[in-house]
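Please examine the structure shown here together with its sequence. The report below concerns its helix packing and selected local backbone features.

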Amino acid sequence: MKHVTTRQMQAIDRQASTRFNIPSILLMENAGRAVAEAVLAFHPRHVVLFCGSGNNGGDGFVAARHLANHAVGCTVVYFQRPAKADPALNFTILEKMKIPRVVWERLTTARRQALLRQADVIVDAIFGTGISRTLQEPYTTAIQDINRSRRPVVSVDIPSGMNADTGKPMGLCVRARRTVTLALPKRAFKHKASRRYTGQVIVADISIPAQLKNNPGFRPREGKGTSCFRQGKTVSIRCGRR
């Protein structure tokens with residue numbers, strides 16, 4: 001199984017839309033469902049989801065909907081209302097379903113601590129693979145809260161704060177119990193240092209065509225290397241990104 005760089009994964013996402021006419025909203029739906037399935041394996045009664053405003057956050061919104069449909073209590077903590085079409089649509093669905101949502105800036109320290117005590121599982125859907133600079137507030141405090149909670153954390157695609165190519169934290173990084181990475185494992189996971197943050201890595205099939213994942217022609221010049229996770233380190237699940 002190939003380990004892809006950020007540029008490679010972005011190219012695959014684009015080709016899924018332009019060459020195969022797969023709607024990005026479908027890939028987001030499949031990603032969020034895969035995350036929900038990984039969370040349900042913990043048998044939670046209540047889940048707190050930290051969601052950014054981009055596609056990673058959109059995956060979190062979808063996961064919240066599926067969890068709610070499985071009678072799991074959910075609270076979505078978001079940092080700003082999403083502007084991009086797909087995350088915005090899924091946020092609107094949460095509103096119509098009356099799934100509890102709270103914007104970060106309105107949370108006092110006491111309220112944040114109370115929310116995390118209530119959680120059986122935390123979903124980290126703040127940042128995906130596109131992060132390229134050191135994290136700033138309010139995200140540093142959010143990640144500190146998540147890491148101090150002592151609750152199992154499921155990260156979407158990659159733990160927030162990790163450089164997707166090097167595996168190094170961009171200042172702070174979420175420490176996940178389980179990472180649901182989308183379509184293909186990321187280059188960061190080849191580095192042993194990343195394992196303290198990713199936990200178990202699940203590679204979720206979100207309907208990226210096999211031709212894109214298997215064709216070596218999609219790779220930019222910077223790398224030829226491919227590798228596989230050791231047996232037992234990776235779990236693939238099929239649930240049919242951008």
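## Basis of the description

This is a predicted model, in which local features need pLDDT of at least 70 and side-chain atom pairs count only at pLDDT 80 or more, while totals for chains, interfaces and linings use all residues. Residues are numbered from 1 along each chain as its sequence is written, and side-chain values use heavy atoms, with hydrogens and water left out.

Helices (H or I, at least four residues) and strands (E, at least two) are DSSP runs, numbered from the N terminus.

## Helix α3 and the residue that follows

Helix α3 covers residues 55-69, a run of 15 residues. From its first C-alpha to its last, α3 reaches 21 Å, close to the 21 Å expected at 1.5 Å a residue; the expected span is 1.5 Å times one less than the number of residues. Because 13 of its 15 residues are buried, α3 is largely enclosed by the rest of the structure. Here, buried means under 20% relative accessible area, exposed over 50%, and partly exposed in between (1.4 Å probe, protein chains only).

Just after α3 comes Ala71, in the loop between α3 and β2 (73-78). The phi of Ala71 is near 65°, a positive value in a residue other than glycine. With 71% relative accessibility, Ala71 counts as exposed.

## Packing of helix α2

Helix α2 (residues 24-40) packs with α3 at an angle of about 55°, their axes being 7 Å apart. That angle makes α2 oblique to α3. Axes are lines fitted to C-alpha atoms, for helices over the stretch in contact, and angles run from 0 to 180 degrees between N-to-C directions. Angles under 35 degrees count as roughly parallel, over 145 as roughly antiparallel, 65 to 115 as roughly perpendicular, and the rest as oblique. The crossing of α2 and α3 is right-handed; a crossing is right-handed if the near helix is turned clockwise from the far one by less than a right angle, and left-handed if anticlockwise. Residues in contact (heavy atoms within 4.5 Å) include Met28, Glu29, Gly32 and Val35 of α2 and Gly58, Val62 and His66 of α3.

Helix α4 (residues 85-97) also packs with α2 at an angle of about 55°, with the axes 10 Å apart. α2 and α4 are therefore oblique to each other, and their crossing is right-handed. Ser24, Ile25, Met28 and Glu29 in α2 meet Asp86, Pro87, Leu89 and Asn90 in α4.

## Loop residues

The peptide bond from Glu137 to Pro138 is cis, with omega near 5°. Pro138 lies in the loop between β4 (121-125) and α6. Ser149 is placed in the loop between α6 (139-148) and β5 (153-156). At 11% relative accessibility, Ser149 counts as buried, and Ser149 touches Leu116 and Ile122, not counting residues up to four places away in sequence.

Ala183 has a positive phi near 80° in a residue other than glycine. Ala183 is found in the loop between β6 (178-182) and α7 (195-198), and at 4% relative accessibility Ala183 counts as buried.

## Asp205 in strand β7

Asp205 belongs to strand β7 (residues 200-205) and, at 15% relative accessibility, counts as buried. A polar atom of the Asp205 side chain lies 2.9 Å from the backbone nitrogen of Ser207.

Key. Polar contact = N/O pair within 3.5 Å; in protein donor to acceptor, adjacent residues only side chain to side chain.
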